[in-house]
Amino acid sequence: MNKLQKDFLWGGAVAAHQIEGAWNLAGKGLSIADVMTSGGNGIPRQVTKGVKAPYYYPNHEAIDFYHRYPEDIALFKELGLKVFRTSIHWSRIFPLGDEEMPNEQGLQYYDDLFDRLLDNGIEPVITLSHFEMPYHLAEAYGGFRDKRVIEFFAHYAETVMKRFKDKVKYWMTFNEINNQADGQHDLHTWTNSGILFEHEATQSEKEAVIYQASINELIASARAVMIGKSINPEFQIGCMMAYVPVYPFSSKPEDQMAALKVMNRRFFYSDIHVRGKVPTYAVKSWQQKGYSIDLSDEEKEVLQQGTVDFIGFSYYMSGTVTTLEKLEGQSITDFDNSKMLTNPYVSSSDWGWQIDPVGLRYTLNIVYERYGLPLFIVENGFGAYDDVHEEPIQDQYRIDYLAAHIHQMKLAIIEDGVDVLGYTPWGIIDIVSFGSGEMDKRYGMIYVDKDNSGEGSLKRRKKASFNWYQKVIATNGEDI
Ligand code: BG6
């Protein structure tokens, strides 16, 4: 076979909190994404205690997808999308997170949204929690620090999986669950598990907390898989990882060991999602560092039972690590005297993300060899400043980035034999950036008229990449 399979899932991806807006409508509760201010290129966002004047919170309105989705779905149909990846806003369904009864208006919204997608021939691919949880769970329980949150998540998963059992087949549990892995988490931003370190803590104190919360989150994920399978055995339930391959900078053997250690720290999460047990390298490291992680035999059994069907992942960039003394870089603790540094063989985006299409082929190969499960590229994209003066907006740089990655994906599938279910580029329509809260870090093939301070008509416009991607899908990736 030298072509992609006929049913290859071409699509587009977004997340609820980055598009919907309507942050306090129809019974929705406050989410941890609603208390994040806007930042900028190189300027971090802040988390406030509740919503406070005079801060600007870009996710409150986002691109108003909540009200405008019929128009947006019409454009997705014109693009030819087969699937659309978004998430359910947990706080739309359970405003506080610990209630027994769900918010019917929230469920109804997703019923309508999924119906509209399906009526237009587009299958929803759904993440249960994409960087958000009800704010109350973070405030009152400390997020996944507290094991009670496992049950709240399981109850939420059961509620939505039952409700949408005939509308959604592809599910993922936690978006980029492994992006909390480095343990060098900044104060004042949420971890993936809903934790905010407000007080100075040592790196090892933070790391121990993050490992415990991660284990709790992984148990919650496994519970969701088990629940989902009991509701509909046809469900395909995956994890969602951020894969950033880290290369040894030189052929010095210690550089290879450093790269292996850094990669294992990230693989820890998919190792558990896929193999159902804590890897030996992690157990050993916890022992050496004196961390006591609470994981009962019963919970170990849950991890074993709730393994995933596929691996969804994001791919944006690669990294490099070295132990060579003469080079400058950012010190890390994974291996003696190791540091991350810029790869001189690749270029970077305006936000310093290192552009490496071959790294996608490499990632697909190593992940497939490691796990042997189908892979789903559910995020890949190029955040860039767009010049809006031409019609359509000329974004050749985005086309170049996406075409180069699709080319490498095809090599991985056709020449290397990797099983890839589909490809959903990130931010198919412009959205609020997660990292910086900007609108001007644009990923979309559809432009949204809104700026970093929230001004704009919200009008949608096609970019040149729209017409390009339409052709890519129509030719099943032949014409890129
Ligand atoms: C991924 C996230 O990490 O990267 C998305 O899943 C995010 O939510 C995307 O938007 C791009 O990051 P950023 O910071 O450019 O929005």
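Tutor: We start with a cut-off: a residue is buried when its relative accessible area is under 20%, exposed when over 50%, and partly exposed in between. Keep in mind that this is a predicted model.

Student: Is Asp 271 buried or exposed?

Tutor: Asp 271 sits in helix α8, which spans residues 253–275. The limit for a buried residue is under 20%. Asp 271 has 1% relative accessibility, so the residue counts as buried.

Student: Which residue forms a salt bridge with Asp 271?

Tutor: The closest N and O atoms of the pair are 3.0 Å apart, and a salt bridge requires them to be within 4 Å. The partner lies in helix α11 (residues 357–371), 99 residues apart from Asp 271 in the chain.

Student: How many salt bridges does the structure hold?

Tutor: For the structure, the number of salt bridges is 34.

Student: Which helices hold Arg 361 and Glu 415?

Tutor: The side chains of Arg 361 and Glu 415 meet in a salt bridge, 3.5 Å from N to O. Because the two lie in separate helices, the pair ties together parts that are 54 residues apart in sequence. Glu 415 counts as exposed, at 57% relative accessibility. The helices are α11 for Arg 361 and α12 (residues 396–415) for Glu 415.

Student: Glu 438 is buried yet has no salt bridge; which side chain of opposite charge is nearest?

Tutor: Glu 438 lies in the loop between β14 (420–423) and β15 (446–448). Its side chain has a polar contact of 3.1 Å with the side chain of Trp 351, and a polar atom of that Glu 438 side chain lies 3.3 Å from the backbone nitrogen of Asn 41. A salt bridge would need a distance within 4 Å. The nearest side chain of opposite charge is 6.3 Å away, and belongs to Lys 441.

Student: Which element gives the most to the lining of the second largest pocket?

Tutor: This pocket has a volume of about 360 Å³ and is lined by 16 residues, with Lys 261, Tyr 281, Ser 285, Lys 289 and Asp 334 nearest its centre. The elements giving two or more residues to the lining are α7 (203–231), α8 and α9 (280–289). By residue type, the lining divides into six nonpolar, four polar and six charged. With six residues, the element that gives the most is α9.

Student: What is the omega of the cis peptide bond that joins Ala 53 and Pro 54?

Tutor: Pro 54 lies in the loop between α1 (16–19) and α2 (65–79). The peptide bond from Glu 391 to Pro 392 is also cis, with omega near -5°, and Pro 392 is in the loop between β13 and α12. For the bond that joins Ala 53 and Pro 54, omega is about 5°.

Student: What is the phi of Glu 176?

Tutor: Glu 176 is found in the loop between β4 and α7, and counts as buried at 11% relative accessibility. Ala 26, in the loop between α1 and α2, has a positive phi near 50°. Glu 176 is not a glycine, yet its phi is positive, at about 40°.

Notes. Residues numbered from 1 in each chain as written. Predicted model: local features only at pLDDT ≥ 70, side-chain atom pairs only at ≥ 80, totals over all residues. Heavy atoms only, no water. Helix = DSSP H or I, 4+ residues; strand = E, 2+ residues; numbered from the N terminus. Buried < 20%, exposed > 50% of the residue type's maximum accessible area, 1.4 Å probe, protein only. 1 Å grid on protein atoms, 1.4 Å probe; cavity = no way out; pocket = protein on both sides within 12 Å on 5 of 7 lines; lining within 4 Å. Points joined across faces, edges and corners; volume = space filled by probe spheres on them. Nonpolar A, V, L, I, M, F, W, Y, C, P; charged D, E, K, R; others polar. Lys, Arg positive; Asp, Glu negative; His and termini not counted. Polar contact = N/O pair within 3.5 Å; in protein donor to acceptor, adjacent residues only side chain to side chain.
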